[in-house]
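Reader: I would like to learn how to read a ligand site and a helix from a set of coordinates. Where do we begin?

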Amino acid sequence: MNEAFKGEVPNDFQGKVGWSSPSNIALVKYWGKRGKQLPQNPSISFTLSECRSETFIGFEKADRFGFQFFFEGQENPAFGAKIEQFMLDNQAFFPFINQLNLKVESRNTFPHSSGIASSASSMSAFVMGLLEIESQLVGKEIELRKASCFSRLASGSAARSVYSKMALWGATDCYKGSSDEYAVPLENNIHPVFKTYHDSILIVSGEKKSVSSRAGHGLMEGNPYAPARYAQANENIKNLLIALKSGNLDTFINITESEALQLHALMMCSNPSFILMKPNTLRIIEEVRNFRNETQIPLCFTLDAGPNVHLLYPESEAEKVESFIKNTLSTYCADNKWIADCVGNGPKKLL
Ligand code: PMV
């Protein structure tokens, strides 16, 4: 990776950068960490297209680090404090911030109360902006591997958002070049069917989660099932990589649904235990499995750390699945709300 810029920032250095970066949905889940934001097991995700954060960073030369954060037009000290802390903790990686005043303005393209985790999109968009400022100082292109590594330091799953289509984060013997420090792109090793996969996100509840991801990761320490989980995740990575390459949808469905249920089972086995699914989460799962059995359409579900259900299906089945969502599944959603998303192309430069 390129060295950080450690020189003197020119006195007339100022401007504004803007990046949009997507959220991602994990198929094999990252749940449990160690050290400095390192995963206990590798994970694989689809990069989304529509659910994104758009972040602008205004910058000017200053005597010391200055920072202001606005979310959707309003100053937001709580969220700003998180980003500021991330920068202070990691200033060895971007020492030039100590000579800059930054004004950050961010917004999400998905609705505020949709219960969609925004840390992957917002942190990766912010890191892309920060690296863009550095690239103006050094005159070199942004390295996606470096963007992935720094995004990981801000929010683990954000490491996977910087690549188009699919990403793998975490070291595994099954994939050359994989690392715990950063994610790697999978785009060139997947069957075309996955490059246009759909993800319809059914909003069962838009309420704030009762237990944060950070606390959930922490509870994996001491969870009696943790060693078995990490072994199983490695096995699932191995088999999913094979299925992704060949386009084997039966294996894809089997692993994806099992991973979602394992994630929530781990929460139920933590001490203290917690449950993030809602009754309608289970109703939707039951409907999806019945629909798949009756129609043979390869529709499956996954879950994030929350009650909302992500429905995954090939582009060729979109019409039938979307009418099933409208006619049946949306009745289980808060205000009948769902978001039509699909696999996308990673971060985009806005300015
Ligand atoms: O990146 P974090 O710390 O918010 O953790 C994300 C955890 C899951 O979303 C549940 C799984 C994953 O791999 O994205």
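**The ligand, then a helix**

Author: In this predicted model, an oxygen atom of the ligand lies 2.9 Å from an N or O atom in the side chain of H217. A polar contact is a pair of N or O atoms within 3.5 Å. The side chain of D304 also has an N or O atom 2.7 Å from a ligand oxygen, and for the side chain of S155 the distance is 3.4 Å.

Reader: How much of the ligand does the protein bury?

Author: Taken alone, the ligand exposes 380 Å², and the protein buries 91% of that.

Reader: Now the helix. What span should α1 have, and what does the model show?

Author: Count 1.5 Å a residue: the 13 residues of α1, 77-89, should span 18 Å. The end C-alpha atoms of α1 are 18 Å apart, which agrees.

Reader: Which residues of α1 are buried?

Author: Buried means under 20% relative accessible area. In α1 that holds for F79, G80, I83, F86 and M87. Seen down the axis of α1, these buried residues fall within an arc of 120°, so they line one face of the helix.

Reader: What covers the buried residues of α1?

Author: The cover includes the strands β5 (66-71) and β7 (100-108), and the helices α2 (119-138) and α3 (144-154).

Reader: Which exposed residues sit on the face of α1 turned away from its buried side?

Author: That face carries P77, A78 and K82.

Methods
Residues numbered from 1 in each chain as written. Predicted model: local features only at pLDDT ≥ 70, side-chain atom pairs only at ≥ 80, totals over all residues. Heavy atoms only, no water. Helix = DSSP H or I, 4+ residues; strand = E, 2+ residues; numbered from the N terminus. Expected span 1.5 Å × (residues − 1). Buried < 20%, exposed > 50% of the residue type's maximum accessible area, 1.4 Å probe, protein only. Arc of directions from axis to C-beta. Contact = heavy atoms within 4.5 Å. Polar contact = N/O pair within 3.5 Å; in protein donor to acceptor, adjacent residues only side chain to side chain. Areas by Shrake-Rupley, 256 points an atom, 1.4 Å probe, with all protein chains shown as cover.
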